[in-house]
Amino acid sequence: QAVYRKDYKPPPYLIERVHLTFVLNEDSTRVLSRLSFKPNYDGEAPPPLPLDGRKDVKLVAVKVAGEALAADSYELTDKKLTLSGLPKGAFEVEIETEIKPQENTSLEGLYKSSGNFVTQCEAEGFRGITFFLDRPDVMAKYTTRVEAAKEPYPVLLSNGNLLDSGDLPDGRHFAVWEDPFPKPCYLFALVAGSLSLKEDTFTTRSGRSITLRIYAEAKDIDKVGHAMRSLQKAMKWDEDVFGLEYDLDLFNIVAVSDFNMGAMENKSLNIFNSRLVIASPATSSDLDFARVEGVVAHEYFHNWTGNRVTCRDWFQLTLKEGLTVFRDQEFSADMNSRAVKRIDDVTRLRTAQFAEDSGAMSHPIRPDKYIKMDNFYTLTVYEKGAEIVRMYNTLLGKEGFRKGMDLYFQRHDGQAVTCDDFRAAMADAKGRDLSAFAAWYGQAGTPQVTVAGEYDAAARTFTLSASQRTPPTPGQSDKAPVPIPIAVGLLGADGQELPLHLKGHENGAAPTTEVLLLEGAQQEFVFTEVSERPVPSLLRGFSAPVKLEVEGQDEEQLRFLLAHDSDPFCRWEAGQRLLRSLLMALYAAAADTAKGESVEERVAGAGGVPEALVGALRAVLDDPSLDGAFVAAAISLPSASELIDDIPGVDPVVLHDVRQYVARQLAEQLRPELEAAVKRTDSAPGEAYSPDAASAARRALKNRALYYLGELGDAEVGADLLRRTREATNMTDHIAALAALIDHPGAERDTALQEFYEAWKGEPLVLLKWIGIQAGAHVPGNLGAVKGLLGHPAFALSNPNMCYALFLSFLRSTPNFHAADGSGYAFLADSILQVDKVNRQVAARMTGSSAFTSVRKFDARRQGLMRAQLQRILAQDGLSENVYEIASSSLQE
Ligand code: ZN
C-alpha cells in the first residue's frame, strides 16, 4: 500500500473549474460537485478516470456530460471511484455524495469542532468530502456555495471573495464564495458556525486596503489581538524582505479547538488550532506568544510559498514547508532576538530532528515512499528542510537569495513544481552551480563533520582539515558526501577576531567570518597571514545541519570561546560542548556499577562537576550585558536525546539521574548568582506584562534560575515558589513557578496544583499546561497519577491538544516512561490503541514521537520490552495505516 516517488505520473485529466454546494444538516451533509475536466493524456482514446474517495463517503449519484452513468461505466471501491467510457475532449462530471461530519472524529475532511463545521484537507482530506483527483498537481478555480440553518451557523465561509449570500426558507441561509486563484484541493476550506469576529485592516505597499478577520468562539475573541498584530507584521515583513504582497481583498483566520496539527494555510481562509491564535498575558506564556507570532506568519507566508507556487506531489512537501519554515524563522529573528531565535531553533533540531534522523523513521527531506503522507509532516521535512534553504541563503547571501526567490516566482507562479525547480531558480539567479545540493534531498541521516586545525608559525598559516561521513540509515547503507558550508572565524589570544585571508579566495577584503564549502569526503582550507596561533570558531550560526567534532579542542579553548566568541551561536555552543562532555563522562561512571553503590556515589567518585566549568557558567550568569534569554540557554543542559545517539545501549534512567545530579550541583554551587539573577530580573509589583523580546528575555532568565533553585528541594525555596504561583501577574511566571515545584518534595506542590485548577478550570487551553506539567513529572510512580488524569473532567480523548499534553508530556518523564518494569511502555501502547480508534493522526504522532521509533538505541532489557509492545500494537485488528507504518518500521529496524 506504499506510494513511491519514482512512480510519479501526471494525471490523465486536469480539472479547470470546480463548483461545490454543501447542504449542511445535523444528520448528514450533502455535497454536490460539478467538475470541468480537460484531457491531459496522450493519444486518442480517453483513458479511465480514477477519482480518490474514502469509504465513509457515500456516493449518491454521478453524471457525465449531464447523463446519469450506467452501472458498467463506473467502478466503486473503498478508496476509488473510477469512471470509464468517457467522451473525447473536455466534459463535465457531477457527483453527489453524503457524509457525516458530526461522526468524523479523525478531523480529516469535513468535521465538527465545538458545534462548528470545519475542514482540514491537507494532505488527503478532500477525498473524505467528495470523489476527486486529490493530488496537488491538479489546480482548479473553485466556487463554493454553503447552505445551513441560520441560527446555529450564522457564519458561512469558504475561500476567496463573497459573491452572494441571503436567506432561504425554513430558517436557513446561504453564502457563495469564489476563489479566483487556481488551487489544489488540499487548500480548500469551509467553515460554518457560530463564531465571533475581530476585524482590522492592512494597507499594502501598493495602497490596497485588505480586510483582516479573525474568528473565534465568543469567550476567546478578546484574546486575538496578538494574532492580529502578528498577521499585520508578517504582511509588512513579506513585502519588505521578499517584495511579496497579499493578492486578495480579504484574509481570514479561524480558531478551532479540535485540530490535529498547528494550523493550515487554506487560500484566504487559514484555519488554526486555537492554541496558536488565542493569547493573553493571564492565560498564555511568553512561549505561547512567540508561537502565535511565528505560526500566524508561517501560514500567511504560505500564500506565496505553497499556494501561489505549490508542490507537484507530496514527496516535494519540503518545497513549501522547508522554505516557509525558513521564512518564519527569519521573520521571528527580525521581530525578536536573532541570536536567541537561532539557538532555540538549533536546540529543537538537535533534540528532535537528529533523533528522527537516526531512528527507524529516518527519511530524507524529500522522502522516497510513504504509506500515509500524514506521517511525513516531520521535523525532517520541516526543520531540516529549512536548514537546507538556509544554506542557500548562506552561500548566495541575502540579495542572492532574494534574486533566487524572485526568479522562482517569475518562473513558477501558478504552478505545481518540485524541489529541483526551486534549487534551479536559486542556482540560476546567481549563476552558481548548486547541483551537488541534490544529495541533501535524497539522503537521510545527519552528516558528521570532523575538523582539525594546524598552525604553522613560520609560514603564518592556519590549516583546517575537514572531513565528513554520514552514518547508514534504514534502507540507505551507502552515503555520498554532501556540500557543507562551514562558517569560520579565528580568535586571537585577546579574544579579538583575526582578519581572514583564505587561500584561493583573496579579494582584498579581510572579513572576520568566511564560509568554507566542504564538498568532498575530505578537504583542506588554508588561511594565510595568521599572526598568532588562533582559536577557531567553527560552524558559526550553525551554518549546516551536521554534528561537528573538533579535534584537539580542549576545555580551555571552549571556556575561552564561551567567554569571547563574537558569534552568539558558537558562544552558546562552547558552553553546551563543555556540558555535553561532562555529562558523557559522568554517564560512563554512573553506568559502571563497580564504581559504587548509587548513581550519586559513582558520579561523585568521578569528580562531579568541575570548578572550572562552574566558574565559566558563573561568569555568564553574572554578565549583565548579556541578553537574559541567551543566559538562560547558556546555563541549560543539553537534552538527553542529544546525548543518547552517542551512548550505545543507553540506560535512559541512569542518564536522567546524571542530568539531575549535574543540575543540582550547579544549583548548589551557583546559588548566590542564581538568587541574584532572580532579584535583578524580578518584575516590579504591579508591572504590566508585555510580550516583547526584552521583557520575555528577563523572564526567561528569572525562570531558568528559579527552576535550578527548585532542584535544591529545600523548604525555603518551596515556600517561595508557592508564593510566586500566587502572586504571578502573568502565565509565564505562574507556570514557571509551578513547573519548578512539580518534583519538589514539599506539600506546596499539591497546593499549587489545586489552586491552579480552581483558578483555570473554565479555560481548556490553560488546563493543557496543568495536564502537561503533571504528566511530565519525574517523581517515581507518577504513572498512577497520569492514569488518573485520563478520567479527569478536564480531559477529553477526542481533543488532540489534550492527548498531546498528556501523552507526549508523559514520554518526557524518563523515569516513568522508561520504568524498568515496562509499565510506561505498556501504558503508551494501550493509549495508542485507544486513541487510534478515535483519531489515527494523533495516535500516529504518539507512536512517532516516542522512543518506540528508536528501540535499537536502548539497553537490551528495554529493547525487549518495547518490541513486545510494538508487536502488541501491530497485532491489533483494524489498526490504522498511520500507526501501522510507524510501528512496523520501528519493529523492523
Ligand atoms: Zn507549513
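UniProt positions here follow the numbering used in this text, with shortened feature names, and the annotations may be inferred rather than shown by experiment. This is a predicted model, where local features need pLDDT of at least 70, side-chain atom pairs count only at pLDDT 80 or more, and totals for chains, interfaces and linings use all residues. Residues are numbered from 1 along each chain as its sequence is written.

View 1. An unreviewed UniProt entry puts "domain: Peptidase M1 alanyl aminopeptidase Ig-like fold" at residues 445-550. Expect strands here: the chain over residues 445-550 is 42% strand and 0% helix, and its end C-alpha atoms sit 20 Å apart. (Helices, H or I of at least four residues, and strands, E of at least two, are DSSP runs numbered from the N terminus.)

**View 2. A four-stranded open sheet.** The order is β29-β26-β25-β31, with mixed pairing; two strands count as paired if DSSP finds at least two bridges between them. At the edges you'll find β29 (522-527) and β31 (547-551), each pairing on one side only. From one strand to the next, the twist averages 20°, using axes that are lines fitted to C-alpha atoms, with angles running from 0 to 180 degrees between N-to-C directions. Zoom in on β25 (residues 448-456) and β26 (residues 461-469): they run antiparallel and are joined by nine bridges. A452 has S465 in β26 as its bridge partner.

**View 3. An eight-stranded open sheet.** Here the strands line up as β6-β5-β9-β3-β2-β12-β15-β14, again an open sheet with mixed pairing. β6 (67-68) and β14 (161-168) each have a single partner strand, so one side of each has no neighbour in the sheet. Further in, β12 (residues 140-149) and β15 (residues 172-183) run antiparallel, with nine bridges between them. Look for A149 opposite R172 in β15.

View 4. UniProt, in an unreviewed entry, gives residues 556-892 as "domain: Peptidase M1 alanyl aminopeptidase C-terminal". Helix takes up 69% of the chain over residues 556-892 and strand 0%, with 44 Å between the end C-alpha atoms.

**View 5. Zooming back out.** In total the protein has 27 helices and 31 strands. Its radius of gyration is 28 Å, close to the 29 Å from the globule rule for 893 residues, so the protein is as compact as a globular protein of that length. (That radius is taken over C-alpha atoms, and the rule is 2.2 Å times the number of residues to the power 0.38.) The C-alpha trace spans about 85 × 65 × 55 Å along its principal axes.
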